[in-house]
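Morning, everyone. I have a structure to walk you through, and I'll keep it short. Here it comes.

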Amino acid sequence: MTSIVIPAYNASSVVETTVPSILAQENIDEIIWVDDGSQDGSAECIQDLIRGDVRAKCLKLSENRGRSVARNSGIRSAEGDIIVFFDVDVEPHPSAARKLASVLNASGVVASVAQLQPVPTDPSDPYQDYAAHFGRGPSQSHVPGDSISWRFFLSGACAVRRGALESAGGFREDVPYGEDVALACDLSIQNRNGLVLSDAHAKLHDLGTLKRAVAHAAQFGASQAGLPAKCDWTPRAAMDKALPFSAVLPPLELV
């Protein structure tokens, strides 16, 4: 069984573009949006858009607690043994979830990632111009099926086996930005060459501004510095260490 989990926070401006693309995904059993305490009516917008689709539901957290908490709550609610993650501002091709999940059938593969194609709305912004010319995620030199470094694993469009997620302890809730790369580091310690590029593609909206990108970079740097020693951020250590992780996800409140 394959489930999709999408965290959402103050995303009312983009959900009319992205929700239909999620509902159009092929061979999916369950779709869960987790509204992370939005103040702009995002949950209500999503509920209106998914009405009538028996696979889909929208959970709502009582307050904004961050993307890791939202994703972990979606994992706990999901029934699938494969969890596909899309960010709320990602518009996947109809085959994206199916392709992400199918890669996990290969021996030793526990997670897969798609290529994201940024969609700029303000080419005059330096960051948006940069993003438009240099896609996020694995290098273009990689081809589908290649093992990739945990450094290029982005949860904007990815799939992970539930067992691997639980063994890694889920998304780290003490990492406000870069939580997807932190998870990938944890996964790669236990699963050598277990992260793979799929042939799935998705558009990335809401690129933001250079100012926001700089703020995120600062958050990422602080998060990286604060990671515990068991997830060393050097590539050799990430591939050579094999340490146990808690399989227990933290308790979460839903309303």
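Glu16 is exposed, because its relative accessible area is 63%, and exposed means over 50%. Keep in mind that this is a predicted model.

One more thing about Glu16. Along the sequence, Glu16 and Ile46 are 30 residues apart. In space, their C-alpha atoms are 8.1 Å apart.

Now step back to the whole protein. There are 255 residues, and 50% of them count as buried. The secondary structure comes to 9 helices and 8 strands. What about contacts? Take those between residues at least 6 apart in sequence: 81% of them join residues at least 24 apart. The accessible surface is about 11400 Å². Carbon and sulfur atoms hold 52% of that surface.

Next, the sheet. In what order do its strands lie? Read across: β3-β2-β1-β4-β7-β6-β8-β5. That is an open sheet of 8 strands, with mixed pairing. Which strands sit at the edges? They are β3, residues 56-60, and β5, residues 90-92, and each pairs on one side only. From one strand to the next, the twist averages 30°.

Let's take some pairs. Strand β1 covers residues 2-8, and strand β2 covers residues 30-35. These two run parallel, joined by 6 bridges. As a landmark, find Ser3, which stands opposite Glu30 in β2.

Helices pack on this sheet. Helix α1, residues 15-23, touches β1, β2, β3, β4 and β5. The direction of α1 makes about 35° with that of β5. Helix α3, residues 67-77, also packs on the sheet, touching β1, β2, β3 and β4. The direction of α3 makes about 145° with that of β2.

Now strand β7, residues 157-161. How many of its 5 residues are buried? The count is 4, and the strand is mostly covered. Strand β4, residues 82-86, pairs with β7 in the antiparallel sense, over 5 bridges. Strand β6, residues 111-118, also runs antiparallel to β7, with 3 bridges joining them. Watch Val160 in β7. Val160 is the bridge partner of Ile83. Val160 is also the bridge partner of Ala111.

A general point while we are on strands. In a regular strand, side chains alternate between the two faces of the sheet.

On to helix α7, residues 179-190. Among the buried ones are Glu179, Asp180, Cys185 and Ile189.

Last stop, the cysteines. How many disulfides does a search of the whole structure find? The answer is 0. Cys45 is partly exposed, because its relative accessibility is 28%. Cys158 has 0% relative accessibility, so it counts as buried. The cut-off for buried is under 20%.

Definitions and conventions:
Residues numbered from 1 in each chain as written. Predicted model: local features only at pLDDT ≥ 70, side-chain atom pairs only at ≥ 80, totals over all residues. Heavy atoms only, no water. Buried < 20%, exposed > 50% of the residue type's maximum accessible area, 1.4 Å probe, protein only. Contact = heavy atoms within 4.5 Å. Areas by Shrake-Rupley, 256 points an atom, 1.4 Å probe, with all protein chains shown as cover. Disulfide = S-S within 2.5 Å. Expected span 1.5 Å × (residues − 1). Pairing = 2+ DSSP bridges. Axes fitted to C-alpha atoms, helices over the stretch in contact; angles between N-to-C directions.
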